[in-house]
Amino acid sequence: MITMIQMKVGPWVIETDVNLTKNFYNNYHVITKDCSCDYCANYILACANFPPEIKNFFDSLGIDPCKEGEISHYIENKDGTHLYSAFYHMIGRVITKPQVWELPNNEISIFSLAGYEIGFSEDLDLVPEGFPTPTIQVEIEMTIPWLLS
């Protein structure tokens, strides 16, 4: 049974079932089961080193950042860090979104938390089979160190 609560996250108000989202992630596999590339393996290592604000962000939504997501690596920066983006799914719907940041073509708006850029969208990609509905996509862009030896 879905039990929705409303919460404010950055400039959004969302309605979500954190426990049902958490239950999905508890029963799903880690990202590297689907992909064994070095970029995904490095991302999994970086999850343990996320700033506390980011760990709390994922936890508050019921999301395990090591599971289910779609990970993209873009570039190695001059300082040796790496630009990544990822998206995850959660049970819920967007109630209000930042009007001032609306972009054309259904692109998402973002807010910054601990240097990570975060957004929500109801324009969904690669939702796992059997994921409960309604569904929100959480998108995040970050610069992380290379931790894989």
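Let's start with Ala114, which sits in the loop between β5 (111–113) and β6. Helices and strands here are DSSP runs numbered from the N terminus (helices are H or I with at least four residues, strands are E with at least two). What you're looking at is a predicted model, where local features need pLDDT of at least 70 and side-chain atom pairs count only at pLDDT 80 or more, while totals for chains, interfaces and linings use all residues. Residues are numbered from 1 along each chain as its sequence is written, and side-chain values use heavy atoms, with hydrogens and water left out.

**Overall build**

- The protein has 3 helices and 7 strands, and going from the N terminus the order is β-β-α-α-α-β-β-β-β-β.
- Its radius of gyration (over C-alpha atoms) is 15 Å, close to the 15 Å from the globule rule for 149 residues, so the protein is as compact as a globular protein of that length. That rule is 2.2 Å times the number of residues to the power 0.38.
- Along the principal axes, the C-alpha atoms fill a box of roughly 45 × 35 × 30 Å.
- Among contacts in the protein with a separation of 6 or more, 68% are between residues 24 or more positions apart; a contact means heavy atoms within 4.5 Å.

**Surface and charge**

- Of the 149 residues, 41% count as buried (buried is under 20% relative accessible area, exposed is over 50%, and partly exposed is in between, with a 1.4 Å probe and protein chains only).
- The accessible surface comes to about 8,100 Å², and 50% of that belongs to carbon and sulfur atoms.
- There are 8 positive and 20 negative side chains, and the centres of the two sets lie 6 Å apart. Lys and Arg count as positive and Asp and Glu as negative, leaving out His and the chain ends; each charge is placed at NZ of Lys, CZ of Arg, CG of Asp or CD of Glu.

**The core**

- The largest nonpolar core holds 36 residues, and Ile14, Tyr43, Phe50, Leu61, Tyr88 and Phe120 touch the most other members. Such a core is a set of buried Ala, Val, Leu, Ile, Met, Phe, Trp, Tyr and Cys residues joined through side-chain atoms within 4.5 Å.
- At least two residues of this core come from each of β1 (5–9), β2 (12–16), α1 (18–26), α2, α3, β4, β6 (116–121) and β7. Strand β4 gives the largest share, with 6 residues.
- Helix α2 (residues 38–47) has Cys40, Asn42, Tyr43, Ile44, Ala46 and Cys47 as its buried residues. Their cover includes α3 (52–61), β3 (70–76), β4 (82–96) and β7 (135–144).
- Thr21 belongs to helix α1 and is buried, at 0% relative accessible area. Beyond its neighbours within four places in sequence, Thr21 is in contact with Thr16, Leu61, Gly62, Ile63, His89, Met90 and Ile91.

- Some background first: most residues other than glycine have a negative phi, and most peptide bonds are trans.
- Ala114 has a positive phi, near 55°, without being a glycine. Ala114 is partly exposed, with a relative accessible area of 37%.
- Glu68 isn't a glycine either, yet its phi is positive at about 70°. Glu68 lies in the loop between α3 and β3 and counts as buried, at 10% relative accessibility.
- From Thr133 to Pro134 the peptide bond is cis, with omega near 0°. Pro134 is in the loop between β6 and β7.

Conventions:
Areas by Shrake-Rupley, 256 points an atom, 1.4 Å probe, with all protein chains shown as cover.
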